[in-house]
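Reader: I would like to learn how the words used for a protein structure follow from numbers. Could you take me through some of them?

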Amino acid sequence: MGSQTTEAVIPSEAQIRELISKAQHCETLQSIDDFLPYRNFGEMWQRRVIESADSAWLTYYPCAGEQETAECMTYGRFAELIDRVAGVLANRYGIRAGGSVATLTINQPLTIAIYFAAWRLGARVVPVNPGETDDRVGYIVSNSQASVLIAHRSCREDFDGVARHLEANVERAMIGPNDAPDARGGGWHDFESELAGDFARGPLPQIDSVTWEAEALVVYTSGTTGNPKGVVLNQKQLFSDAHAISRWHAIDAHTTMMNVLPIHHVNGIVVTLITPCFVGAHVVVNKRFKSAGFWRKLENHGVSIVSVVPTLLQFLIDADEEFVAERIPNFRHFICGAGPLSVELARDFQDKYGLKIVHGYGLSETVCYSCFLPTDLEWHEHCAWMYDHGFPSIGCPIETNEMAIHDGSGKPVPDGQKGEIVIRGHNIMCGYFKNPTANAAAFTYGWFRSGDEGFKLQGKDKRDYFFITGRIKELIIRGGVNISPFEIDEVLNGMPGIRVGLAIGFDNRYYGEEVGAYVQLQPGTALTEEQVIEYCKSKLPSSKCPKVVLFGDDIPVTSTGKYQRGRLKPLFEAYKDRQFK
């Protein structure tokens, strides 16, 4: 008798909404409404102008050369820029509440203004990683229903490929220096010229017409299938996480933070843009991270907190720039997350500099951070949680969410036992954009299921300390960026001569994980590592290309014939300490 298969039953839309609502409302958590001083982003900026128009909001380093000069903007000046950008979005591109604006751009003040301007209008921002391939850019813009794509000239040598993958009704606008390659011949408008025209001075909707339930971000995150999923976050959820982050790290109007992470990622957006603005703080924004001059910037601006990924800690160690602790008396700690942090790297960094790494954890689906190591721990207590349990602790839940470790049936497991990290609270996403299958899987038991494996232990202070030990999902997290191995598999398996190609995420000192490939060749075929890598380079951005290719025939499989790529990781151990250019 042949075996029978049953298809998974997807809950109805009403059932999915109920599951998501359960994950967003937890009886053990205090209502967040009374702690949020703004009903929307427009009101937040209105308050900033009233209270601190002449206070420093943003200092920008454009990485123009060794002798960088910074551009400084007050809250009042930036608020004027937001209104001009909102005018162009509304009056030139027809952006209204509920609309979507996609961006393919870089860390710079105008990108930040576009975000806040879209939120001023009650619209969604869809930030696209400039490293995405042209077809993936097209997919994200289409899937998010964005009506305009705003790109920066420096993101592509030529935008013909992007244009080919955009639907005809998507407006295109370009920003960037005039001496960069001009892409306006393909129907791209000059956004900065429009900022100087009548559109920028046109009417805007009343600020109170936007509620905090307005969807604000659609962040695309790689999953275990080829196409990314759009994480939908509303204004209230962004405020909730900013509120909790600011309280945990004692960030207020007298604090200066520094942004070194890309602002197409929730870490860069939420921790070092929304959070400082939420409390009226000052932020130093870098076009990109540079080890050279890093400590000098902390000194010059009295920086207190920097949010990083583990990769950047390793770069700072290797750069060995002059460091004198007494020159940065205001500095408190690094916030670190968004990628695997090893005990080895944490110890190396803290021993070398004597500065705390406040390790944390979160996902786009939970806005950004859901937990941190407490900042009030004594140095020896802090180091014990970082070093003594095989993995650096990701800390304790922030006040806007709770966390647990569940088994495969959605039941809590005892302390010390591994299971899936699950989260519920005020910062849980609205859901994946138009993806009921993914929503049903993520909220099966009324919690958000992270797909990450971990455990928890109770400290002497009676707080629960969480740890992440790996991923149930087979994502590769390189430098804090999620990469789907299946996308790379497809390229490998499309190369003539390859019978089976599997992308393997292996531990790497510099990026947390790097991309490797395990390849089984067709009989009678000869390929070299260099040939496979070059083929992948023709199909993928460099960040997703394998850096190491190993050949073999012994691919472990499950009883149902599924490849077990996790069992191939040990083959790449020799490359843990290598930095790949």
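Author: What follows is a set of questions and answers about this structure. It is a predicted model, in which local features need pLDDT of at least 70 and side-chain atom pairs count only at pLDDT 80 or more, while totals for chains, interfaces and linings use all residues. Residues are numbered from 1 along each chain as its sequence is written, and side-chain values use heavy atoms, with hydrogens and water left out.

Reader: What makes the radius of gyration of the protein agree with that of a compact globule?

Author: The radius is taken over C-alpha atoms, and the globule rule is 2.2 Å times the number of residues to the power 0.38. For 581 residues a compact globule would come near 25 Å, and the protein has 24 Å, so the two agree. The C-alpha atoms fill a box of roughly 70 × 60 × 55 Å along the principal axes.

Reader: Why is valine 283 called buried?

Author: Buried means under 20% relative accessible area, exposed over 50%, and partly exposed in between, with a 1.4 Å probe and protein chains only. Valine 283 has 0% relative accessibility, and therefore it counts as buried. Valine 283 lies in strand 11 (residues 282-286), where helices (H or I, at least four residues) and strands (E, at least two) are DSSP runs numbered from the N terminus. Leaving aside neighbours within four places in sequence, valine 283 is in contact (heavy atoms within 4.5 Å) with residues including Trp57, Leu58 and Met257.

Reader: Why is the pair of tryptophan 57 and phenylalanine 116 called edge-to-face?

Author: Rings of Phe, Tyr and Trp (its six-membered ring) pair if their centres lie within 6.5 Å, and planes under 30 degrees apart count as stacked, over 60 as edge-to-face and the rest as tilted. By this rule the count comes to 38 aromatic pairs. For tryptophan 57 and phenylalanine 116 the centres are 6.4 Å apart and the planes stand at 75°, so the pair is edge-to-face. Tryptophan 57 belongs to strand 1 (residues 56-61) and phenylalanine 116 to helix 4 (residues 109-120), so the pair ties together parts 59 residues apart in sequence. Both tryptophan 57 and phenylalanine 116 are buried.

Reader: What makes the pair of tryptophan 385 and tyrosine 465 stacked?

Author: The ring centres of tryptophan 385 and tyrosine 465 are 3.8 Å apart and their planes are at 5°, so the pair is stacked. This pair links distant parts of the chain, with tryptophan 385 in helix 13 and tyrosine 465 in strand 21, 80 residues apart. Both tryptophan 385 and tyrosine 465 are buried.
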